[in-house]
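Student: Please take a close look at one helix packing site in this model. Which residues make the contact, and what surrounds it?

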Amino acid sequence: MRLAAFYIVLLVLQGLLTAVMAPLPAPDLFLIAVLTLLPRMNAWQLVLAAYGIGLIQDLSGHGVIGMHSLALAGGALAAALVSMLLSQSGVMERVLTLLAGLAGKWLVMAGMLVWISGTWSSLASLPLTMLFDSVFTLALGVWLLGLAERLQPPPRGLNREVL
């Protein structure tokens, strides 16, 4: 129940931060929500969940339908690949997972922008947007991923570390 409230707060906070930080991009709390599911899902399940969460983001009025869905799926895949190589605990693991997720998200987003617009000139404003979005998401994400980790119930069976 606490975790469900956490996701609802993230959704509301995303809208508030977008309005408050209007000229600058707000942190991507949808990506952070996806990455909180990382310890609980396999990579393919995480990609599907990320696509669904991105679809919610698209339907809530934040862009072209499918763009954020594919971007979050790409970010989830990149984060899952990096996460398999790490010990699954600590601040550095969270930072590296967030960086991988952000890199995957922005790589897919850049490809989608070029594909939809048909020109490379659509990438002109991407570096500045990517910089602010990544810095804000990284700063808030490290704390929120730790909070979500504490809110999750303990595993009932064997987890990855034991196996």
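Tutor: Start with the contact itself. From α2, F30, L31, V34 and L35 meet L72, A76 and A79 of α4. Contact here means heavy atoms within 4.5 Å. By class, that contact has seven nonpolar, no polar and no charged residues. Nonpolar covers Ala, Val, Leu, Ile, Met, Phe, Trp, Tyr, Cys and Pro; charged covers Asp, Glu, Lys and Arg; the others, Gly among them, count as polar.

A word on the source. This is a predicted model, where local features need pLDDT of at least 70 and side-chain atom pairs count only at pLDDT 80 or more, while totals for chains, interfaces and linings use all residues. Residues are numbered from 1 along each chain as its sequence is written, and side-chain values use heavy atoms, with hydrogens and water left out.

Now the geometry. Helix α2 spans residues 29–36 and helix α4 residues 67–83; they pack at about 40°, axes 10 Å apart. That makes α2 oblique to α4. Oblique is what remains after roughly parallel (under 35 degrees), roughly antiparallel (over 145) and roughly perpendicular (65 to 115). Axes are lines fitted to C-alpha atoms, for helices over the stretch in contact, and angles run from 0 to 180 degrees between N-to-C directions. The crossing of α2 and α4 is right-handed. In a right-handed crossing the near helix is turned clockwise from the far one by less than a right angle; anticlockwise gives left-handed. Helices are DSSP runs (H or I, at least four residues), numbered from the N terminus.

Next, α4 as a whole. Its 17 residues reach 24 Å from first C-alpha to last, close to the 24 Å expected at 1.5 Å a residue. The expected span is 1.5 Å times one less than the number of residues. Of the 17 residues in α4, 12 are buried, where buried means under 20% relative accessible area (1.4 Å probe, protein chains only). L72, A76 and A79 are among the buried residues. The cover includes α2, α3 (43–59) and α5 (91–117).

Take α5 next. The axes of α4 and α5 come within 7 Å and cross at roughly 145°. This crossing is right-handed too. On the α4 side, the contact includes G74, G75 and A79; on the α5 side, A100, G101 and G104 are among the partners. The residues of this contact divide into 13 nonpolar, seven polar and two charged.

T137 is buried, at 0% relative accessible area.

Methods:
Helix = DSSP H or I, 4+ residues; strand = E, 2+ residues; numbered from the N terminus. Buried < 20%, exposed > 50% of the residue type's maximum accessible area, 1.4 Å probe, protein only.
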